[in-house]
Every structure is written in structure tokens, then in C-alpha cells.
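Here is a friendly note to read with the model open beside you. Take the points in order, and find each residue on screen as you go.

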Amino acid sequence: MITSALFQGVAIGASMIIPLGVQNSYVLSQGIKQNHHFLTATVCMLCDILLIALGIFGGGKLIASNEWLMLIMGWGGMLFLLAYSGLSFRNAWRNQYQSPEKVKLLNSRKAVIGTAFAVTLLNPHVYLDTVMILGSIGGTFDGQEKIAFALGTMLASILWFYSLAGGAAKLAPWLSLAKVQRYIDIVIGLIMLFIANTLFQSILS
């Protein structure tokens, strides 16, 4: 049963983490630029691990019991996603993409780390996925199975973020083309709008 809980954690964790969101789009962009991309992945992964642990080991129930906090998270997440979507559409509209070599000079290690923390910790949607959803599912397990489930979800985060950063860097010669970056921004903008609408519908229900 412990092994089953572990694999359930990996599968469910992956289903929460893999769909393109703010974190993934930032890791992807840093991979394309080859600008501290593994450092970016590490920051996002560590934040996810802490939030998953918080949710599965009690924090999720505490947050779910506070209706005002849930409402704030819902509206905050929707506004955050709309703003990020707007930035993506603006970039696509301007179509002024720089080569990776020029971009590298503009992004210091501190700036990359700060932005990685911002797209994770200032994004309420991350809390909904990790603390609330994974936390509520993890709450159905007991003892060692709960620990195994938590480790599985954390493993999914580790594998995904490093794979995304490494894969984007490998494909950088193609992904860094201005035409491709424009399409990526359009897709990201549309996905952010879709997630924001999903959050809005959940607030109204």
C-alpha cells in the first residue's frame, strides 16, 4: 500500500504541476534564454515541496475552514492570472524579442531568484493546487502512506521542473526564434485566461 500511495502521489502531483501555469512558463522562458534555468527550477521546486508539505500535513484543512481566506485566494489568483495573461499578450503584440545572448546580460542571478519566488509565492493558484487540492487528497491517507503520498507529489515536482528547464535549454536554438516565442506567449496568455475563468466560476459556485 505504501508503494501504491507513492505512485498515486507522483501521478496526482504531475497532473497538478505539468499543466502550463505561471511557474512553468517562467521556467520555460529561463530555459529558452539559458539564463540560470536550473536555479529557477530549483527555487520553484523547493517552494512547491514546502507548500505540498504544508497542505498534506494539516495546512490545507486550516485554510479550507476560513471562507474569507479562500475568497481572497480565489480573487487574488484570478487577478494574478489575468495580469500575467495581459503581459504575455503584450509581448506577443509588440513582437520585440531579443536573442538569448542579449537577454542573459539583463537578468542577474538575484533577479532570476526574486522573480522565481514571486511567480510562485505571489500566485494564489499555486496555493490552491499544492496546499488545498493535494492537501485534501493527502488527508485521506494515514501514517506511512501519507508520507509516501507526499514524497510522490514532491518527486513529481522535482522531475518536472528539472526536465522542463533542461528540455527548454536543449531546444533553445529553435524555441528562441522570435516567431516561436511569439506563439508561446500567445498560448501562455490563452491558458492563463482559461485558468482565470475556471477560478472565477469556482468563486461564483
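1. A word to begin with: helices here are DSSP runs of H or I with at least four residues, strands are runs of E with at least two, and both are numbered from the N terminus. With that in hand, the protein chain has 10 helices and zero strands. Read from the N terminus on, the order of elements is therefore α-α-α-α-α-α-α-α-α-α. Please keep in mind throughout that this is a predicted model.

2. Now for the chain as a whole. The protein chain has 205 residues, and 44% of them are buried. Buried here means under 20% relative accessible area, while exposed means over 50%. Take the contacts between residues at least 6 apart in sequence: 87% of these join residues at least 24 apart.

3. Start your tour at helix H1, which covers residues 2-17. Its 16 residues reach 22 Å from the first C-alpha to the last, close to the 22 Å expected at 1.5 Å a residue. Which residues of H1 are buried? They are Ala-5, Gly-9, Gly-13, Ala-14 and Ile-17. Looking down the axis of H1, you will find these buried residues within an arc of 165 degrees, so they line one face of the helix. Thr-3 and Phe-7, on the other side of H1, are exposed.

4. H6 has 13 residues and spans 18 Å from its first C-alpha to its last, close to the 18 Å expected at 1.5 Å a residue. Val-112, Ala-116, Val-119 and Thr-120 are its buried residues. Seen down the axis of H6, they fall within an arc of 100 degrees, so they line one face of the helix.

5. Next, a pair of helices. Two packed helices are described by the angle between their axes and the distance between the axes. Helix H2 (residues 22-33) packs with helix H8 at an angle of about 35 degrees, and their axes are 7 Å apart. The crossing in which H2 passes H8 is right-handed. On the H2 side, the residues that meet H8 are Gln-23, Asn-24, Val-27, Leu-28, Gly-31 and Ile-32. Their partners in H8 are Trp-160, Phe-161, Leu-164, Ala-165, Ala-168 and Ala-169. Sorted by class, this contact has nine nonpolar, three polar and no charged residues.

6. H8 (residues 143-170) also packs with helix H7 (residues 124-138). What angle do H7 and H8 make? The angle is about 145 degrees, with the axes 10 Å apart. H7 passes H8 in a right-handed crossing. Here Leu-134, Ile-137 and Gly-138 in H7 meet Lys-146, Phe-149 and Thr-153 in H8. By class, the contact of H7 with H8 is made of three nonpolar, two polar and one charged residues.

7. Go back to H2 and look for Gln-30, which lies in that helix. Is Gln-30 buried or exposed? Its relative accessibility is 1%, so Gln-30 counts as buried. Leaving aside residues up to four places away in sequence, Gln-30 touches Asn-35, His-37, Thr-40 and Val-112. You have already seen Val-112 among the buried residues of H6. Gln-30 and Ala-169 are 139 residues apart along the chain, yet their C-alpha atoms are separated by 8.1 Å.

8. Follow the chain into the loop between H2 and helix H3 (37-64), where Gln-34 is found. His-36 has its place in the loop between H2 and H3 as well. Most residues other than glycine have a negative phi. Phi of Gln-34, however, is near 55 degrees, a positive value. For His-36, phi is near 50 degrees, also a positive value in a residue other than glycine. Gln-34 counts as partly exposed at 35% relative accessibility, and His-36 is partly exposed with a relative accessible area of 26%.

9. One last stop is Pro-173, in helix H9 (residues 172-175). With 63% relative accessibility, Pro-173 counts as exposed. The C-alpha atoms of Pro-173 and Lys-33 are separated by 9.5 Å, although the two residues are 140 residues apart along the chain.

Terms used
Residues are numbered from 1 along each chain as its sequence is written. This is a predicted model: local features need pLDDT of at least 70, side-chain atom pairs count only at pLDDT 80 or more; totals for chains, interfaces and linings use all residues. Side-chain values use heavy atoms; hydrogens and water are left out. Axes are lines fitted to C-alpha atoms, for helices over the stretch in contact, and angles run from 0 to 180 degrees between N-to-C directions. A crossing is left-handed if the near helix is turned anticlockwise from the far one by less than a right angle, and right-handed if clockwise. Contact means heavy atoms within 4.5 Å. Ala, Val, Leu, Ile, Met, Phe, Trp, Tyr, Cys and Pro count as nonpolar, Asp, Glu, Lys and Arg as charged, and the others, Gly among them, as polar. The expected span of a helix is 1.5 Å times one less than its number of residues. Buried means under 20% relative accessible area, exposed over 50%, partly exposed in between (1.4 Å probe, protein chains only). The arc is that of the directions from the helix axis to the C-beta atoms.
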